[in-house]
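Subject: Structure handover

Hello,

Here is the structure we talked about. Please have a look, then read my notes below.

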Amino acid sequence: MDLIIAKDILKANDQIAGANRARFDGNGVLGVNVMGSPGSGKTTLLERLAVDLDGKLRFAVIEGDLATSNDAERLERAGIQATQINTGGGCHLDANMVAKALERAELVSFDVVFIENVGNLVCPSSYQLGERRRVVLLSTPEGDDKVAKYPPMFTGIDALVITKADLHEYVEFDAGRVEKDARVLSPEVKVFNVCAKNGSGMTDFVSWLAAEHRRLKAMLARGAEAP
Ligand code: MG
Ligand code: ZN
């Protein structure tokens, strides 16, 4: 694609993302962009949060997929309100797709809205959606070299969730290496090792989400621009 056209597309996208952000802020909602490869466990992590966030934070999910509403249906079976976006084959979500989903969502009823992006370690990182926080999942079977191989995805992120952490020893996954590589790209990143299946590591991740939501509310209460 022509570089100038690509820049214009991203500029237009960022304007709509700004409007989405204002809409989240206006409702006191923390928008979280959840990214990672297909099969990294994004939907499974969100399903698990139905248990771990119960009574702590009210949340909904905007669910992005190329086709099908399988993941949204999975989330609804777990009691989570999910709004499906089909990208019609597109390999990432953009701010306009999220704006349309927000027209259908009752934001005021929630503390956090997770936007589950299309499974892809490349282009979702270029598109702001209106989120306040970016979370990237890396599953243990993908290998501990992926942060170094896909640097844009791990740049400027707030949390890195290493999933399927119960498999570390079987695939010789070096979590220390992953954390070190991630910190080069995102010096302040919080790193969590979780296993959504048995729930290990979820407490720390949930505490982080709650703290980020409190921080947003405090900023908004002061009328300050949230970070
Ligand atoms: Mg999914
Ligand atoms: Zn894409």
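Start with one residue pair: Ala159 stands opposite Lys190 in β7. Strands and helices here are DSSP runs, numbered from the N terminus (helices: H or I, at least four residues; strands: E, at least two).

Some ground rules. This is a predicted model, where local features need pLDDT of at least 70, side-chain atom pairs count only at pLDDT 80 or more, and totals for chains, interfaces and linings use all residues. Residues are numbered from 1 along each chain as its sequence is written, chains are lettered from A and ligands numbered from 1 in the order in which they are written, and side-chain values use heavy atoms, with hydrogens and water left out.

Strand β6

β6 spans residues 159-163. 5 of its 5 residues are buried (under 20% relative accessible area; exposed is over 50%, partly exposed in between; 1.4 Å probe, protein chains only). Ala159, Val161 and Thr163 point one way, Leu160 and Ile162 the other.

β6 pairs with two strands (pairing needs at least two DSSP bridges):
- β5 (residues 133-139) runs parallel to β6, with 5 bridges. Leu138 stands opposite Ile162 here.
- β7 (residues 190-193) also runs parallel to β6, with 4 bridges.

β6, helix α6 (residues 175-185) and β7 form a right-handed β-α-β unit. Right-handed means that, with the strands pointing away from the viewer, the path from the first strand over the helix to the second runs clockwise.

Magnesium site

Thr43 (OG1), Asp71 (OD) and Glu116 (OE) coordinate the magnesium ion (ligand 1) at 2.1 Å. Donors are N, O and S atoms within 2.8 Å of the metal (3.2 Å for Na, K and Ca); water is not among the atoms, so sites may look incomplete. The donor spacing along the chain is T-x27-D-x44-E. Asp71 sits in helix α3 (residues 70-77) and Glu116 in strand β4 (residues 112-116), so the pair ties together parts 45 residues apart in sequence. Asp71 and Glu116 are both buried.

Aromatic pairs

Rings of Phe, Tyr and Trp (its six-membered ring) pair if their centres lie within 6.5 Å; planes under 30 degrees apart are stacked, over 60 edge-to-face, the rest tilted. That rule gives 4 aromatic pairs. One of them is Phe192 with Phe205: edge-to-face, 5.4 Å centre to centre, 70° between the planes. Phe192 is in β7 and Phe205 in helix α7 (residues 202-221), 13 residues apart. Both Phe192 and Phe205 are buried. The ring centres of Phe192 and Trp208 are 6.0 Å apart with planes at 55°, so that pair is tilted. Phe192, Phe205 and Trp208 form one aromatic cluster.

Best wishes
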